[in-house]
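Trainee: I am new to this one. Could you pick a single spot, look at it closely, and then lead me on from there?

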Amino acid sequence: MQAATHDQEAAVGTAALQLEDAAVSRGGRSIFRAVTLRVEPGEYVAVLGPNGVGKSTLLQAILGLLPLTAGSIEVFGRPPHQAAGLLGYLPQRRSFDSSLRMRARDLVRLGFDGNRWGVPLPFAPGGREVAKRIDEVLEVVGATAYSGRPVGELSGGELQRILIARALVRRPRMLLMDEPLESLDLGNQQAISSLARDICRTEGVTVIMVAHDVNPILGDLDRVIYMAGGSAVIGRPEEVITSEKLSALYNAHIEVLRTSDGRLFVVGQQPEAISYHGHD
Amino acid sequence: MIDALDQLFSYQFMQNAFLAGTTAAVLAGIVGYFVVLRGEAFAGHTLAVVGFPGAAGAILFGLPQLVGLAVLCTASGLGIGAFGQGAVRDRHAESAAIGTIQAFLLALGFLFVSLYKGLLVGVYGILFGTFLGITRDQALLLLAIAVVALAVLVVIGRPLLYVSVDGPAAAAAGVPVRALSIGFLVLLGLAIASTALITGALLVFALLVMPAAAANELVVRPGLAMIVSTALALVIVWSGLLISYFTDLPIGFLVTTVGFVIYLAARLARRLTRA
């Protein structure tokens, strides 16, 4: 599974991600259906919605780990299992075992060739290029300073940068992140979000980030995918996160409140079914 | 001193003991790194305990002890893997499966011993280790097992490291997580069978966990940690054999004590270098 080169792109105008009437079921239960959306290359898109609505499931489908039950999904114009080499993925994770005695850069290295059989030989040809690429990607995420420290000793924010470096090390064209901001403080949430935006802008990578709270990332985002009521809509945040759109999606009366500093709060009649986009 | 060593190596039983001990130390040192990394000490302990019915059964049925050990340890590794591993590794299911298998097989060992009605000395050796009875054939069989196990480890080493550190990310990168986890338990069974021949079933951790845990205190690079772990395991075995030869103290006690001292020293060294 070599990362495909950029000139393999089929034609101008190919979407980074295209879902047509897509549906996924798990264990006989429908997770979402009739989802049609298109993400352009180089966009920074957040996936929002209440817990259990299928945000992680959507990422699994994009990764080709979960088949659709209806409709179609294309990643850079190909079926997901043929696009695996184009994708970088950050699974949902709060932390590593604090006793994990492995350098941060070793973890990044696993993203480069951890899925290949065999073991790297100490003086094998190409070893220097791998090390150079790892240095490079550590620089991109601003993690050079602590790349020699054991993973178990890193703070939450430092760890997320290392995990982003790992997902980027093979030059993917799309970065999928599952709740990377969870359990980070507000400052780190904003820092990781602006890092994601920079990666979009300077590296041309499409970023799709599952997020719990839209506010720390609102200023950086291009568009949001809002999932609720078994379906999803996509659009600019100010178009999607509105009382009308969300009421239609939830099929319930929803109000979106905007504070004077521009933060959004979603309030509904069925509080257990709705995530409040406030800070915990 | 040189004369004493010359004399020591002129005995074939000591040659066999050193050959078997060295082989077991290399295998246990490397496999042990993954045991510590994966937090599978409980699985390791169970496979070690399973060595008891394995060896006792072999004696009862007149088979070589190592054959009984290897068969039952790898079979139990497969069993733990099959019962305890779903699509995702589930620690609770795994530990329940481990406990169940451990209790049953320990009872089986007890049955074999009572059926055998032989000398209790044999049981003692199975549990706490001996190096006097290792034959040339056993040492060579051990070497063959270790070569196969290490060859497999060379092939699966890198993805196994990925799975051990971050299963979900490895799965997304196309690594066969479940097959590797079960495969590792089989390798662990082989490593434990080899180690148990020297240290006894109950003291397997002297070579399987202590060197790797000490190496983890000293270095943070995976490759280097495996080398250090192996070197420490060799130091433990060789010094254990030598001291045992000259003092007649039991080998199981000696390797465990040397291992323990090395582990403590490694922890202390890390504490001191940090401050």
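Mentor: Start with Asp248(B), which counts as exposed because it has 7 C-beta neighbours inside 10 Å. The scale is this: a residue is buried with 20 or more other C-beta atoms within 10 Å of its own, exposed with 12 or fewer, and partly exposed in between, the C-beta atoms being placed from the backbone. Keep in mind that this is a predicted model, where local features need pLDDT of at least 70, side-chain atom pairs count only at pLDDT 80 or more, and totals for chains, interfaces and linings use all residues. Residues are numbered from 1 along each chain as its sequence is written, while chains are lettered from A and ligands numbered from 1 in the order in which they are written.

Asp248(B) sits in the loop between α12 (222-247) and α13 (251-274) of chain B. Helices (H or I, at least four residues) and strands (E, at least two) are DSSP runs, numbered from the N terminus. The backbone is worth a look here. Most residues other than glycine have a negative phi. Asp248(B) is not a glycine, yet its phi is positive, about 70 degrees.

Glu179(A) has 19 other C-beta atoms within 10 Å, so it is partly exposed.

Now step back into strand β6 (residues 174-178) of chain A. Five of its five residues are buried. In a regular strand the side chains alternate between the two faces of the sheet. Both faces of β6(A) are covered: Met174(A), Leu176(A) and Asp178(A) lie on one side, Leu175(A) and Met177(A) on the other. Strands pair if DSSP finds at least two bridges between them. Strand β5 (residues 87-90) of chain A runs parallel to β6(A), joined by four bridges. Leu90(A) has Met177(A) as its bridge partner there. Five bridges join β6(A) to strand β7 (residues 206-210) of chain A, again parallel.

Seven bridges link strand β1 (residues 17-26) of chain A to β2(A). Ser25(A) stands opposite Ser30(A) in β2(A). Contact here requires C-beta atoms, placed from the backbone, within 7 Å.

Back to chain B for one helix. In α3 (residues 41-60) of chain B, 17 of the 20 residues are buried. At 1.5 Å a residue, α3(B) should span 28 Å, and its end C-alpha atoms are 29 Å apart, which agrees. The expected span is 1.5 Å times one less than the number of residues. After α3(B) comes Gly62(B), with a positive phi near 70 degrees.

Finally, the two chains meet. 21 residues of chain A are in contact with 20 residues of chain B. Helix α2 (residues 104-113) of chain A gives the largest share of chain A's side, four residues. The predictor gives the complex an ipTM of 0.85 and a pTM of 0.87.

Notes: Two residues are in contact if their C-beta atoms, placed from the backbone, lie within 7 Å.
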